[in-house]
Amino acid sequence: MTFEDLRSIAVGFQPAKLLLEALDVGVFDLLDHGALEAAEVAQRFGLDSRATRLVLDALVGQGLLELGEGGYRNAEPARRFLSRGSPEYRGEILRHLHNTWEDWNELGQTWKTGHPALRRKTQQLPSTPEGMRHFILGMENLTRDLAPRLAERLPLEGCARVLDVGGGPGNYALAFVQRWPGLEAVHFDLGPTSQIAREFLGDKPGAERISFLEGDFLTSPLGEGYDFVWASQIVHMLGEEEVQALLGRMAAALLPGGVVAVHDHFLEPDRTRPPTASLFGVHMLVATERGRTYSFEEVEGWMRAAGIEPQQRMEYGGPARVLLGRRPRT
């Protein structure tokens, strides 16, 4: 690693903040309707004209805007992913990341105390309804393409009932029922999240085979008689004892022979790799009271203690991985 590599890491916050502020202001939505001069953009949003020109020029430099006849317009990445009018819009996950900016800004204090400087409930990171909506719809942005891929790979053939623990926007439950026509899915999450999922799923094909349970997955009844329990990206929000308790509750909800699938940012035994997973562990440090990323070996040990026999570590080419375990038939 050279000094320039180190410097690139150190200044990484600059293009990130530039993008996120422009997204929150609404620049990309505005320029989706046509080119505008900097003064016009400033007037629309009540911004300083000189400052607006400097920011827009920098966005051009980052490849997010173009400057030509008529002024500034969205470049192709902004048209695809940052404008609400695009079917490929992914702005909600970026807005959620912006909401976590203050958590990371307090890393120094969190490092000293071992507790997040900005307190969060363990299972619900955002502290406002607006932030919660960005978070859940951001999960939709991330899982929109991934859920159908995993529905093809997971051992769901022959299953009748699936439980999606911490189901978020509902993309996984929807992908499961759409891929496997005989399947029924139960979406389990907190009440506010469940409401967002109901709105999102609406009358999409297959949604009639998705039912909803609301509550806290550490304390509320999960139901029973499931062939398959899916837990995606929730283990990292929990402390060790909570992970163990959740695995026990999921095992109890399974039929004999049923499968538990834990989808998360699993670490290798040295806890440093993959780097995305170790970095995500710090994200959980600043954003939750007890969360972190875990190794396959840790979760496999807790599975065995819960009466689940680990069966497979599944790679699918994404940043996270899947650990599969089966409840014995006898």
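Angles in these legends run from 0 to 180 degrees between N-to-C directions, along axes that are lines fitted to C-alpha atoms. The model shown in every view is predicted.

**Figure 1. The pairing of strand 7 with strand 9.** Strand 7 covers residues 254–264 and strand 9 covers residues 321–326. The two pair in the antiparallel sense, over 6 bridges. Val 260 stands opposite Gly 325, a residue of strand 9.

**Figure 2. The crossing of helix 11 and helix 12.** Helix 11 spans residues 146–153, and helix 12 spans residues 171–179. Their axes come within 8 Å and cross at roughly 50°. Helix 11 and helix 12 are therefore oblique to each other. Helix 11 passes helix 12 in a right-handed crossing. On the side of helix 11, the meeting residues are Leu 146, Ala 147, Pro 148, Leu 150, Ala 151 and Glu 152. On the side of helix 12, they are Asn 171, Tyr 172, Ala 175, Phe 176 and Arg 179. By class, the residues of this contact divide into 8 nonpolar, 1 polar and 2 charged.

**Figure 3. The packing of helix 2 and helix 7.** Helix 2 (residues 13–25) packs against helix 7 (residues 91–99) at an angle of about 115°. The axes of the two helices are 10 Å apart. The crossing in which helix 2 passes helix 7 is left-handed. Helix 2 makes the contact through Lys 17, Leu 19, Leu 20, Glu 21, Leu 23 and Asp 24. Helix 7 contributes Gly 91, Leu 94, Arg 95 and His 98. The contact has 4 nonpolar, 2 polar and 4 charged residues.

**Figure 4. The packing of helix 4 and helix 5.** Helix 4, residues 38–45, and helix 5, residues 49–61, pack at an angle of about 115°. Their axes are 8 Å apart. Helix 4 passes helix 5 in a right-handed crossing. Ala 38, Ala 39, Val 41 and Ala 42 of helix 4 meet Ser 49, Thr 52, Arg 53 and Leu 56 of helix 5. Sorted by class, this contact has 5 nonpolar, 2 polar and 1 charged residues.

**Figure 5. An aromatic pair formed by Phe 266 and Phe 296.** The model has 5 aromatic pairs. In the stacked pair of Phe 266 and Phe 296, the distance is 4.4 Å centre to centre, with 15° between the planes. Phe 266 lies in the loop between strand 7 and helix 15 (275–287), and Phe 296 lies in helix 16, so the pair ties together parts that are 30 residues apart in sequence.

**Figure 6. Backbone details at Pro 274 and Gln 233.** Most residues other than glycine have a negative phi, and most peptide bonds are trans. The peptide bond that joins Arg 273 and Pro 274 is cis, with omega at about -10°. Pro 274 lies in the loop between strand 7 and helix 15. Gln 233, a residue other than glycine, has a positive phi, near 55°. The loop that holds Gln 233 is the one between strand 6 and helix 14.

How values were computed:
Residues are numbered from 1 along each chain as its sequence is written. This is a predicted model: local features need pLDDT of at least 70, side-chain atom pairs count only at pLDDT 80 or more; totals for chains, interfaces and linings use all residues. Side-chain values use heavy atoms; hydrogens and water are left out. Two strands pair if DSSP finds at least two bridges between them. Helices (H or I, at least four residues) and strands (E, at least two) are DSSP runs, numbered from the N terminus. Angles under 35 degrees count as roughly parallel, over 145 as roughly antiparallel, 65 to 115 as roughly perpendicular and the rest as oblique. A crossing is left-handed if the near helix is turned anticlockwise from the far one by less than a right angle, and right-handed if clockwise. Contact means heavy atoms within 4.5 Å. Ala, Val, Leu, Ile, Met, Phe, Trp, Tyr, Cys and Pro count as nonpolar, Asp, Glu, Lys and Arg as charged, and the others, Gly among them, as polar. Rings of Phe, Tyr and Trp (its six-membered ring) pair if their centres lie within 6.5 Å; planes under 30 degrees apart count as stacked, over 60 as edge-to-face and the rest as tilted.
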